[in-house]
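Subject: Structure handover

Hello,

Here is the structure for you to look at. My notes on what turned up follow below it.

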2 protein chains.
Amino acid sequence: MRLVIARCSVDYAGRLTAHLPMAPRLVLVKADNSVSVHADDRAYKPLNWMSPPCTLKEEETEDGGRVWTVVNKTGEKLIITMEEVLHDSSHELGVDPGLIKDGVEAHLQELLADRMETLGEGWTLIRREYPTAIGPVDILGRDADGGTVAVEIKRRGEIDGVEQLTRYLELLNRDPHLAPVQGLFAAQEIKPQARTLATDRGIRCVTLDYDALRGIEDDKLRLF
Amino acid sequence: MRLVIARCSVDYAGRLTAHLPMAPRLVLVKADNSVSVHADDRAYKPLNWMSPPCTLKEEETEDGGRVWTVVNKTGEKLIITMEEVLHDSSHELGVDPGLIKDGVEAHLQELLADRMETLGEGWTLIRREYPTAIGPVDILGRDADGGTVAVEIKRRGEIDGVEQLTRYLELLNRDPHLAPVQGLFAAQEIKPQARTLATDRGIRCVTLDYDALRGIEDDKLRLF
DNA sequence: GACTTGATGTCGGTC
DNA sequence: GACCGACGTCAAGTC
């Protein structure tokens, strides 16, 4: 990893065209040749960057400045012109052991599949990731009356998720072996507009409590 | 801006729970106190981070190690435990003059509104950002026969954009003063599945040539 | 390689 | 502050 602090201007031409006037910034070069240009604000988003795989060409100008040209396969180009270099250091970091996460949508799905009765008395699981032509339905289940239910799970329920579930329902209900299929939108938090749209389409909304679900799961583990 | 290279482990508890085992990494602290922890790959996304506004507390352990605790208002917490510090430097960057962009959707919209005939002989503009209860329609126009057309503009046309336009059309067609309203999906690039869905719903698709539109505009400017 | 979906998305504008 | 849509979204998984 190489850290350069320099007064620089930046030009990007690719998916859009962008320009940064001359100013002091951090230029970060990683082991995979990716480059990012940071100002002293915004948690982590750089002002400009080039994702790997890409190539970095360094040139020196007559007056001691530097010009870096970063190019990727699709022809996107990032040009960094450095007027004055204030710091330049390189560091060997090695490969990172990687991040361990807990609490993402996949976990919600696992927990809910294991506790279908959270959704309603007597509900059972048909299967998780039920495959369809337009992608897998998060959970396909059965309610107490034997009716089929398609469940879409989100951490945060927004309009997109309702649209997604609607497409699944439309498709599933064309299958005479399955129809009628009810829809259920389950999320830790459901935005008002998403709830309105879902309700308008006859889709039931349920908010999930991750900690409670995990607690139930822990209780189960303690029992067996 | 402060740059620290250190062997560290990281724990995050907030919107999810995450852990990073001890390894050498870059810890970046910006002027707004935001912190990000980078490995030596992935263009700009850190392994872990805390967005501003947040507070950073530094402590030293008996064996010369450091523990940083970063907390934000909503109670999210990031704990960085440094076993060995390999580099530590601070740099004054000042406020960045900011990025100048060109070629985004807004610009496409301006160009197209100014050249409605690109969409069809005799087409005219009613207005840009036509307001509706569920958000503004990019362009509302009139075709050669006087029929109303709602235009949704995207840089890249995907399914989401078709769904969005469909919602607008549904709403607009409930208004007897406007109905019938045709739909037109215009983008620099239209994904096959989006095109299929649009066509299936009777929405016409048009791919836009940004350079050509800008060229036409330049010609116009030269004339007047 | 195209397509889909999730994300600690982030960011900016509006109400 | 909530909500909503755009993003050079990115990144991972599937087909």
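Some housekeeping. This is a predicted model, where local features need pLDDT of at least 70 and side-chain atom pairs pLDDT 80 or more, while totals for chains, interfaces and linings use all residues. Residues are numbered from 1 along each chain as its sequence is written, chains are lettered from A and ligands numbered from 1 in the order in which they are written, and side-chain values use heavy atoms, without hydrogens and water.

**DNA strand C**

26 residues surround DNA strand C. Among the closest are A:Lys154, A:Arg155 and B:Asn48. Sugar and phosphate make up 81% of the DNA strand C atoms that come within 4 Å of the protein.

A polar side-chain atom of B:Asn48 lies 2.4 Å from a base oxygen of DNA strand C. For B:Trp49, a backbone N or O atom lies 3.0 Å from a base oxygen. Strand 11 of chain A gives the most to this surface, with four residues. Strands here are DSSP runs (E, at least two residues), numbered from the N terminus.

**Salt bridges**

The whole structure holds 27 salt bridges over all chains. The criterion is a side-chain nitrogen of Lys or Arg within 4 Å of a carboxyl oxygen of Asp or Glu. Side chains of opposite charge can pair when their charged atoms come close.

A:Glu76 and A:Arg15 form one, with the closest N and O atoms 3.0 Å apart. Both sit in loops of chain A, 61 residues apart. A:Glu76 is buried at 10% relative accessibility, whereas A:Arg15 is exposed at 54%. Buried means under 20% relative accessible area, exposed over 50%, and partly exposed in between (1.4 Å probe, protein chains only).

A:Arg66 meets A:Asp88 at 3.0 Å, N to O. This pair links strand 6 and strand 7 of chain A. A:Arg66 is buried at 17%; A:Asp88 is partly exposed at 32%.

In chain B, B:Glu58 pairs with B:Arg2 at 2.9 Å. B:Glu58 lies in strand 5 and B:Arg2 in strand 1, so the bridge ties together parts 56 residues apart in sequence.

Best wishes

Note on methods
Near = heavy atom within 4 Å. Polar contact = N/O pair within 3.5 Å; in protein donor to acceptor, adjacent residues only side chain to side chain.
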